[in-house]
Amino acid sequence: MAEQQGQTSDDAVMARAGQAVMLHRAGDREEARNRLLALWSEIGEDGDPLHRVTIAHYMADTQDDPADELAWDLRALTAADVLTTTDERVEEHHRSLAVRAFYPSLHLNLAADYEKLEREEEARAHLRKARGTIGTLGDDPYGDGIRAAIERLEGRLGAGEDGGPVGPPRRES
């Protein structure tokens with residue numbers, strides 16, 4: 001989330017989270033999960049909301065159990081909601097970053113979590129929210145990737161561009 005936009009701050013927690021994300025992307029899911037969990041323990045449930053949204057967002061990706069993934073993605077959304085009162089904290093981290101740009105990804109992740117748990121109505125609801133917030137995304141590879149992922153999930157759920165059902169849901173074999 002924040003790391004794809006590029007960092008300009010000297011925030012040690014964000015740097016450590018970025019290192020854990022690199023471990024995960026390199027294939028060391030367990031070590032990434034351990035490091036992110038240690039960071040979460042350090043900052044606590046009431047820590048800096050930018051740290052919480054970032055850590056929870058990436059912690060979800062390291063989970064093996066879809067229910068655990070959902071729990072972390074819900075924590076990320078809750079932290080983002082705290083940040084919506086001001087973009088000031090986010091801008092401290094990177095001047096071009098805005099909280100509203102987090103929402104397409106956060107809702108897309110929740111939709112995918114609910115799909116994995118076969119809770120398709122909840123998946124569709126978050127997919128509608130993701131689609132409704134894509135205007136905040138830039139015309140760049142990150143934004144293109146989120147838009148493409150929304151379209152793929154819409155196809156799997158049988159949801160149209162407006163997020164409503166267009167037929168029975170299709171399941172990938």
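What pattern does the chain follow when read along the sequence? The answer is α-α-α-α-α-α-α-α. This is a predicted model. The secondary structure comes to 8 helices and 0 strands. Buried residues account for 47% of the 173 residues in the chain.

**Overall build**

- The accessible surface of the chain is about 8700 Å². Carbon and sulfur atoms hold 47% of that surface.
- Consider the contacts in the chain with a separation of 6 or more: 57% of them are between residues 24 or more positions apart.

**Nonpolar core**

- The largest nonpolar core has 41 residues. Within this core, Val53, Ile55 and Leu108 touch the most other members.
- At least two residues of this core come from each of these elements: helix 1 (12-25), helix 2 (29-43), helix 3 (49-61), helix 4 (66-83), helix 6 (103-116), helix 7 (120-132) and helix 8 (141-157).
- The background is general: in soluble globular proteins, nonpolar side chains tend to be buried together.

- Arg16 pairs with Glu42, with the closest N and O atoms 2.7 Å apart. Arg16 is in helix 1 and Glu42 is in helix 2, so this pair links distant parts of the chain, 26 residues apart. Arg16 is partly exposed, at a relative accessible area of 34%.
- Arg156 and Glu115 also meet through their side chains in a salt bridge, at 3.1 Å from N to O. Arg156 sits in helix 8 and Glu115 in helix 6, so the pair ties together parts that are 41 residues apart in sequence.
- Is Glu115 buried or exposed? Glu115 is buried, with a relative accessible area of 8%.

- Asp144 forms a salt bridge with Arg147, and the closest N and O atoms are 2.9 Å apart.
- Both Asp144 and Arg147 belong to helix 8. They are 3 residues apart, which is about one turn of the helix.
- Asp144 counts as partly exposed at 39% relative accessibility. Arg147 is partly exposed as well, with a relative accessible area of 22%.
- Arg29, Arg33 and Asp64 are linked in a network of salt bridges.

- Asp113 is placed in helix 6. Asp113 is buried, yet has no salt bridge.
- Which side chain of opposite charge is nearest to Asp113? That side chain is Lys116, 4.6 Å away.
- Asp113 touches Glu69, Leu70 and Asp73, leaving out residues up to four places away in sequence.

- Where does Glu118 lie? Glu118 lies in the loop between helix 6 and helix 7.
- Phi of Glu118 is near 60 degrees, a positive value in a residue other than glycine.
- For context, most residues other than glycine have a negative phi.
- Glu118 is exposed, with a relative accessible area of 61%. The cut-off for exposed is over 50%, so Glu118 falls in that class.

Notes: Residues numbered from 1 in each chain as written. Predicted model: local features only at pLDDT ≥ 70, side-chain atom pairs only at ≥ 80, totals over all residues. Heavy atoms only, no water. Helix = DSSP H or I, 4+ residues; strand = E, 2+ residues; numbered from the N terminus. Buried < 20%, exposed > 50% of the residue type's maximum accessible area, 1.4 Å probe, protein only. Contact = heavy atoms within 4.5 Å. Areas by Shrake-Rupley, 256 points an atom, 1.4 Å probe, with all protein chains shown as cover. Core = buried A, V, L, I, M, F, W, Y, C linked by side-chain atoms within 4.5 Å. Lys, Arg positive; Asp, Glu negative; His and termini not counted. Salt bridge = Lys/Arg side-chain N within 4 Å of Asp/Glu carboxyl O.
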